[in-house]
Amino acid sequence: MAGIISSSSYNTHHKLLLQPCHHPSSQTLRRQNKNPIKTLTKTRMMKIAEERCGMRYMAVMGDKNNGRVRRRWAEAVKCMAAEGGGVSGAPLVVEKYRYTVVCLVAFVMCLCNADRTVMSVAIVPLAHTNGWSTSFVGIIQSSFLWGYIISSVIGGAIADRLGGARVMAWGAGLWSLATLLTPWAANHSAATLLVVRAVFGLAEGVAFPSMNILLSRWFPIHERARAVGISMAGFQLGNVVGLCLTPILMSVVGISGPFVLFSSLGLLWLVAWAYGVGSDPRKSRFVSKLEVQLIEAGKAVDSSNSNGKSHRLPLVLLLSKKPFWAILLANIINNWGYFVLLSWMPIYFNTVLNVNLREAAWFSAIPWGVMAVSSFVAGSASDHLTKAGYSLVFVRKMMQDIAPYSTGLVHGITNGAGTLAAIISTIGAGYFVEWLGSFKAFLTLTAMLYFAATIFYNLYATAERVV
């Protein structure tokens with residue numbers, strides 16, 4: 001078993017040196033320190049991992065190979081975490097508080113979608129009570145997106161500056177308050193309702209940027225895709241929860257019932273979040289030193305794969321690439337159809353197919369349940385590929401990372417365009433139905449757009465990096 005030679009200076013290029021190494025027994029460790037875990041320095045961890053995981057040798061070299069050392073260190077920590085064992089048989093408790101964090105993220109993402117879904121069901125009795133036309137119903141449904149398009153674009157920069165945990169907390173608190181005020185606003189005036197819904201969208205727009213930034217800081221790279229998958233599964237499950245519970249609560253409590261329930265859950269979540277989660281796991285009192293080492297080691301691998309490069313991509317160059325347009329068009333049409341289904345399907349089943357509101361909402365929940373399952377499967381599959389030895393570049397290419405050094409730019413453009421398409425489709429559906437007296441024309445148009453986008457995407461999308 002090889003030892004590790006370290007140096008106080010990295011200016012000298014160290015040659016590989018292999019020598020036997022014997023580690024002390026657990027009894028010796030206990031005499032030196034009552035807590036054996038505290039003695040697990042980086043060097044000791046790598047030695048133990050070499051023995052447990054079958055690594056032949058490890059060496060610390062100069063600056064040129066520093067990335068290799070970091071990858072070796074990450075493998076050592078990953079091995080110890082997977083083994084769950086300590087030094088010479090001494091038990092090593094590997095705390096996984098980060099899983100508590102991702103459960104809280106999944107829960108608030110579930111509430112995020114449930115809160116916006118409530119209005120898709122409640123709009124039916126509200127429109128009947130207030131005498132709203134079909135076209136005005138479309139405007140009300142789209143008002144959520146008026147604020148969302150602003151915060152979803154700038155949310156990433158805000159979360160980077162203030163921290164994902166803090167921005168998520170403020171966002172959840174504000175959208176929960178807006179949810180609570182929605183029934184009052186609907187009874188007060190249409191203008192008040194539009195303002196409250198726009199504020200609601202403004203608050204929810206920071207959810208995804210905050211989620212992504214938070215998970216990137218709390219999870220090592222080999223667990224990150226699964227964490228995102230769990231969170232996205234929670235988000236899609238929110239549609240199912242909202243659509244299934246809203247008609248039941250309205251029939252028992254009244255229209256305000258689901259708004260009060262989901263806003264209360266959001267405020268209760270906020271208390272747990274403020275107490276237990278921060279933007280930086282290194283500053284959390286609930287995270288062990290070993291878990292911090294595992295997280296940081298995963299980040300080291302991520303940064304070593306990117307080689308610390310920072311590229312500014314000319315927008316004209318990006319716009320000249322057909323794969324970018326394939327992704328852009330796919331995102332536009334996806335958002336177009338997504339919000340048509342989310343906003344109008346309960347109304348469609350209720351008014352056109354004469355299904356009662358409860359069953360209409362339940363039928364509308366089926367696609368979102370399937371999406372919740374597929375989100376979790378996709379995340380788990382990505383992590384499986386990473387752990388199986390496939391490079392991060394390969395896995396990211398499979399996920400269409402065509403501009404790895406400009407993902408923020410690509411995300412900002414596609415997300416903004418997609419949200420604009422959602423506003424148009426949500427309002428347009430109402431006017432189409434009012435003018436033509438049927439949903440059929442608009443649903444046919446949406447199906448044709450899906451079909452055209454699918455052909456274009458399959459012709460020009462690529463898994464290769466293009467810029």
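The model is predicted, so to speak with care: local features need pLDDT of at least 70, side-chain atom pairs count only at pLDDT 80 or more, and totals for chains, interfaces and linings use all residues. Residues are numbered from 1 along each chain as its sequence is written, and side-chain values use heavy atoms, with hydrogens and water left out.

**Overall picture**

- The protein chain has 17 helices and zero strands; both are DSSP runs numbered from the N terminus, with helices being H or I of at least four residues and strands being E of at least two.
- Of the 467 residues in the protein chain, 50% are buried (buried is under 20% relative accessible area, exposed is over 50%, partly exposed is in between, with a 1.4 Å probe and protein chains only).
- Take the contacts in the protein chain with a separation of 6 or more, and 81% of them join residues 24 or more positions apart (contact means heavy atoms within 4.5 Å).
- The chain exposes about 22200 Å², and carbon and sulfur atoms supply 63% of that; accessible areas come from the Shrake-Rupley method with a 1.4 Å probe, and for residues only the protein chains shown count as cover.

**The cavity**

- Searching the whole structure turns up one cavity of 30 Å³ or more (on a 1 Å grid over the protein atoms alone, a cavity is a set of points where a 1.4 Å probe fits but cannot get out, and lining residues have an atom within 4 Å of a point).
- The largest cavity holds about 70 Å³ of space, where the volume is the space filled by probe spheres set on the points, and grid points are joined across faces, edges and corners.
- Its lining consists of R116, M119, S120, Q141, F144, R197, F339, L342 and S343.
- Elements giving two or more residues to that lining are α4 (97–130), α5 (134–162) and α13 (322–351).
- By class, the lining of the largest cavity has four nonpolar, three polar and two charged residues (Ala, Val, Leu, Ile, Met, Phe, Trp, Tyr, Cys and Pro count as nonpolar, Asp, Glu, Lys and Arg as charged, and the others, Gly among them, as polar).

**The nonpolar core**

- The largest nonpolar core has 80 residues, and M109, W132 and W273 touch the most other members (such a core is a set of buried Ala, Val, Leu, Ile, Met, Phe, Trp, Tyr and Cys residues joined through side-chain atoms within 4.5 Å).
- Helix α4 gives this core its largest share, 18 residues.
- Setting aside residues up to four places away in sequence, W132 touches I123, L126, A127, V137, I140, A186 and L193.

**Helix residues worth a click**

- G147 is in helix α5 and is buried, at 6% relative accessible area.
- Beyond residues up to four places away in sequence, G147 touches A198, G201 and L202.
- P258 is in helix α10 (residues 256–276), and at 0% relative accessibility P258 is buried too.
- W184 is in helix α6 (residues 164–188) and counts as partly exposed, at 49% relative accessibility.

**A loop residue with positive phi**

- Most residues other than glycine have a negative phi.
- N354 is not a glycine, yet has a positive phi of about 60°.
- N354 is in the loop between α13 and α14 (357–387), and is exposed at 65% relative accessible area.

Definitions and conventions
On a 1 Å grid over the protein atoms alone, a cavity is a set of points where a 1.4 Å probe fits but cannot get out, and a pocket is an open set with protein on both sides within 12 Å along at least five of seven lines; lining residues have an atom within 4 Å of a point.
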